[in-house]
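Good morning, colleagues. Please look at the sequence and the structure as they come up, and I shall then go through a few local features.

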Amino acid sequence: MNQKTSAEHTAVEIQGSKKKVEWPFRLEYDPHKKSSSWFVPLLSIVIALLICAVFIAIDGMNPITVYGKMLQGAFGSAFGLSETLVKATPLLLCGLGVAIAYRISIWNIGAEGQFLLGAIGATSITIYFPNLPGIVYIPLMVIVGIVAGAVWGLLTALPRTYFQVNELITSLMLNYIALLLLDYFVFGPWRDPEGFNFPGTPIFLPSQLLATIGDTRLHIGVLFAIIAVIIFAFFILKTRYL
């Protein structure tokens with residue numbers, strides 16, 4: 001019994017003394033590339049559509065017909081496509097900002113609030129500086145909007161950095177505060193006295209608006225978003241910063 005125990009102990013020591021071989025490469029079997037970055041979003045979209053189709057069918061409608069109408073409305077005409085891009089432009093810019101935070105393991109879900117503060121900052125230029133030269137407005141509104149959104153983001157970053165406050169909570173709650181702040185300005189000091197009692201600021205001057213493309217509401221802000229995507233892709237693929 002003692003000899004067996006001693007032999008087992010010796011075998012363990014010999015096995016433990018063996019060094020693990022580190023190969024400079026690794027073989028993986030993944031013919032469908034399920035681990036690639038495009039697969040998870042695509043699968044998520046398909047599953048979401050299937051789940052929604054179930055509820056659409058329960059409501060007594062044909063899911064294929066409903067989805068067809070959605071595609072027709074969003075992409076089936078020049079007007080529909082332009083309106084889709086108008087809505088997609090701010091979402092794309094916000095998504096890029098969130099993606100950068102995710103790359104460094106920061107769970108920022110306050111993009112909506114930061115976007116609203118950027119809009120408030122840009123609008124403040126039209127309210128408090130109504131007599132500036134026309135060429136100054138757009139660059140100044142862009143700069144102030146960026147600064148306002150960044151300062152709002154700092155309200156999440158500083159507590160996390162110095163007090164270990166979870167950014168999920170602060171960034172989410174700040175969305176509601178930003179929305180209430182917007183309501184305050186729109187219903188309060190910035191309300192248009194000539195707006196027939198509708199909540200809204202005075203209408204922007206042409207020099208305070210981005211140029212539109214053709215006869216649509218699509219503006220050159222979509223070019224800003226495309227340039228931002230290219231810059232983001234460059235940093236992701238060609239540098240070590242992200």
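Leaving aside its neighbours within four places in sequence, which residues is Q114 in contact with? They are N108, G149, W152 and G153, where contact means heavy atoms within 4.5 Å. Q114 is found in helix 5. With a relative accessible area of 19%, Q114 is buried; buried means under 20% relative accessible area, exposed over 50% and partly exposed in between, with a 1.4 Å probe and protein chains only.

A word on the basis of these values. This is a predicted model, in which local features need pLDDT of at least 70 and side-chain atom pairs count only at pLDDT 80 or more, while totals for chains, interfaces and linings use all residues. Residues are numbered from 1 along each chain as its sequence is written, and side-chain values use heavy atoms, with hydrogens and water left out.

Now the overall picture. The chain has 8 helices and 0 strands; these are DSSP runs numbered from the N terminus, helices being H or I with at least four residues and strands E with at least two. Of the 242 residues in the chain, 23% are buried. Among contacts with a separation of 6 or more, 52% are between residues 24 or more positions apart.

I turn to helix packing. The axes of helix 3, residues 63-75, and helix 4, residues 78-103, come within 5 Å and cross at roughly 85 degrees. Helix 3 is therefore roughly perpendicular to helix 4. Axes are lines fitted to C-alpha atoms, for helices over the stretch in contact, and angles run from 0 to 180 degrees between N-to-C directions. Angles under 35 degrees count as roughly parallel, over 145 as roughly antiparallel, 65 to 115 as roughly perpendicular and the rest as oblique. At this contact, G73, A74 and F75 of helix 3 meet G80, L81 and T84 of helix 4.

How do helix 4 and helix 8 pack? Their axes are 9 Å apart, at an angle of about 20 degrees, and helix 8 covers residues 221-238. Helix 4 is therefore roughly parallel to helix 8. The residues of helix 4 that meet helix 8 include L92, L93 and L96, and those on the helix 8 side include F224, A225 and F232.

Finally, the aromatic residues. The whole structure contains 5 aromatic pairs. Rings of Phe, Tyr and Trp, the last by its six-membered ring, pair if their centres lie within 6.5 Å; planes under 30 degrees apart count as stacked, over 60 as edge-to-face and the rest as tilted. Y128 and W190 form an edge-to-face pair, with 6.0 Å centre to centre and 70 degrees between the planes. Y128 lies in helix 5 and W190 in the loop between helix 7 and helix 8, so this pair ties together parts that are 62 residues apart in sequence. W190 counts as buried, at 5% relative accessibility. F185 and W190 form a stacked pair, 4.2 Å centre to centre with 25 degrees between the planes. F185 is also buried, its relative accessible area being 16%. Y128, Y184, F185 and W190 form one aromatic cluster.

Thank you for your attention.
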